[in-house]
Amino acid sequence: MDVTIQIVAAFVGSLGYGIIFNVRRGHLIPAAFGGMLTWAVYLISAAVTGGIIAPSVIGGAFAAMYAEILARIRKAPANQFLVVSLMPLVPGRALYYTMSCVVQRDWLESRYYGTQTLQYALGIAAGMCLVWAFWDMARKIAEKKRQLQSEKGC
């Protein structure tokens with residue numbers, strides 16, 4: 001039951017961010033669906049791997065791949081789908097507690113939560129970068145293949 005509530009909340013929260021970021025009406029539901037799927041992937045990977053970094057990398061990679069694929073299908077910029085899909089992964093709780101502990105001058109706790117926040121952020125960024133590197137490599141290989149085929153045809 002708790003997982004179902006989390007996944008539904010991820011959809012609703014992503015939908016809200018899509019509205020705030022003025023995602024076009026036709027792209028709003030698919031983008032929010034990406035947020036829901038991203039959170040589901042994160043929960044599954046967290047249950048399998050544990051920790052913070054691995055599930056964040058997997059979730060970030062999934063969101064980036066989803067955004068790139070949907071951008072090609074719907075002929076729209078990938079960032080519209082990416083920003084909304086990543087919203088459930090944003091480490092709001094860890095960041096809030098980091099800042100709260102800093103304000104209270106509890107340096108030990110702020111370091112603990114700050115480290116967690118950094119791990120989430122780096123994991124998400126690493127996952128996105130892996131997908132973008134793969135996507136760029138695949139594009140260049142396809143371009144080179146087209147170029148070689150056009151040279152053979154001449």
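Select S14 to start: this serine is buried, with a relative accessible area of 1%, where buried means under 20% relative accessible area, exposed means over 50%, and partly exposed covers what lies in between (1.4 Å probe, protein chains only). The model on screen is predicted, so local features need pLDDT of at least 70, side-chain atom pairs count only at pLDDT 80 or more, and totals for chains, interfaces and linings use all residues. Residues are numbered from 1 along each chain as its sequence is written, and side-chain values use heavy atoms, with hydrogens and water left out.

S14 is found in helix α1, which covers residues 2-20; helices (H or I, at least four residues) and strands (E, at least two) are DSSP runs, numbered from the N terminus.

Now zoom out to the whole protein chain. Its secondary structure comes to 6 helices and 0 strands, and reading along the sequence gives the pattern α-α-α-α-α-α. The C-alpha trace spans about 70 × 30 × 30 Å along its principal axes, and 36% of the 154 residues count as buried. Among contacts between residues at least 6 apart in sequence, 66% join residues at least 24 apart.

If you switch to a surface view, the protein chain exposes about 9700 Å², of which carbon and sulfur atoms supply 68%; accessible areas come from the Shrake-Rupley method with a 1.4 Å probe, and for residues only the protein chains shown count as cover. Colouring by charge brings up 14 positive and 7 negative charges, whose mean positions are 9 Å apart. Here Lys and Arg count as positive and Asp and Glu as negative, while His and the chain ends are not counted, and the place of a charge is taken as NZ of Lys, CZ of Arg, CG of Asp or CD of Glu.

Next, select A46 in helix α2, which runs over residues 25-49. A46 is partly exposed, with a relative accessible area of 25%. Drawing a distance from A46 to T115, C-alpha to C-alpha, gives 18 Å in space for two residues that are 69 apart in sequence.

Move on to helix α3 and select E68. This glutamate counts as buried at 10% relative accessibility, and, leaving aside its neighbours within four places in sequence, E68 is in contact with A78, W132 and W135.

Rings of Phe, Tyr and Trp (its six-membered ring) pair if their centres lie within 6.5 Å, and planes under 30 degrees apart count as stacked, over 60 as edge-to-face and the rest as tilted. Because F62 and Y66 are 4 residues apart in helix α3 (residues 53-74), about one helical turn separates them. F62 counts as partly exposed at 25% relative accessibility, whereas Y66 counts as buried at 15%. Then select Y96, Y97, Y112 and Y113 together, which form one aromatic cluster.

Finish with the cysteines C101 and C129. C101 counts as buried at 8% relative accessibility, while C129 is partly exposed, with a relative accessible area of 44%. The structure holds 0 disulfides, a disulfide being a pair of cysteine sulfur atoms within 2.5 Å.

How values were computed: Contact means heavy atoms within 4.5 Å.
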